[in-house]
Amino acid sequence: MVETIFDKIIAGDLPADKVYEDENVLAFRDINPQAPIHILVVPKKKVKDFIEIQHNDTTQTGIFFNAVSKVASVMGLEESGYRIVLNCGKNGQQTVEYLHAHILGERKMNWPPG
């Protein structure tokens, strides 16, 4: 797989405004926020995209989604609510070939999205 900006952030080669980290995931503020709170959560074990997740270990998938929920709580979003976005592929506007979840909060979201 191609090395991405997320690989470099996880390796410590690029800086990030980290909000949460454990042995499985890293969460940091998006440099181009689309909401007052915009956090990216990436698994440390690389997965290219959401399509690839079906071939991933289900335990690792569960750990990833559990961490997304935990990060939303750490950011204090439980009461007001938030949106989680997973972009997949060209039409889904995935710009980095590395599975990542966007947590967007502290503003009212519109429906339908996009």
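**Entry 1: what I'm looking at**
I'm working with a predicted model. I wanted to start with charged pairs, since side chains of opposite charge can pair when their charged atoms come close. How many salt bridges does the count come to? I got four. I looked up three of them, one by one.

**Entry 2: Lys46 and Asp7**
I began with Lys46, which forms a salt bridge with Asp7. Their closest N and O atoms are 2.8 Å apart. Where do the two residues sit? I found Lys46 in the loop between β3 (37-43) and α2 (58-74), while Asp7 belongs to helix α1 (residues 5-11). They are 39 residues apart, so I noted this as a pair that links distant parts of the chain. Then I checked the surface: are Lys46 and Asp7 buried or exposed? Both turned out to be buried.

**Entry 3: Glu21 and its partners**
Next I picked Glu21 and looked at Lys18. The side chains of these two meet in a salt bridge, at 3.5 Å from N to O. I also found Glu21 in a salt bridge with Lys44, this time at 2.8 Å from N to O. Lys44 lies in the loop between β3 and α2 and Glu21 is in strand β1 (residues 18-21), so this pair ties together parts that are 23 residues apart in sequence. Putting these together, I wrote down that Lys18, Glu21 and Lys44 are linked in a network of salt bridges.

**Entry 4: how accessible is that network?**
I looked up relative accessibility for each member. Lys18 comes out at 44%, Glu21 has 40%, and Lys44 has 28%.

**Entry 5: Pro36**
Last, I moved to Pro36, which I found in the loop between β2 (25-29) and β3. Is Pro36 buried or exposed? It counts as exposed because its relative accessibility is 53%, and exposed means over 50%. Leaving out residues up to four places away in sequence, I saw that Pro36 touches Gly105, Glu106 and Arg107. I also checked Pro36 against Gln94, 58 residues apart along the chain: their C-alpha atoms are separated by 21 Å.

How values were computed: Residues numbered from 1 in each chain as written. Predicted model: local features only at pLDDT ≥ 70, side-chain atom pairs only at ≥ 80, totals over all residues. Heavy atoms only, no water. Helix = DSSP H or I, 4+ residues; strand = E, 2+ residues; numbered from the N terminus. Buried < 20%, exposed > 50% of the residue type's maximum accessible area, 1.4 Å probe, protein only. Contact = heavy atoms within 4.5 Å.
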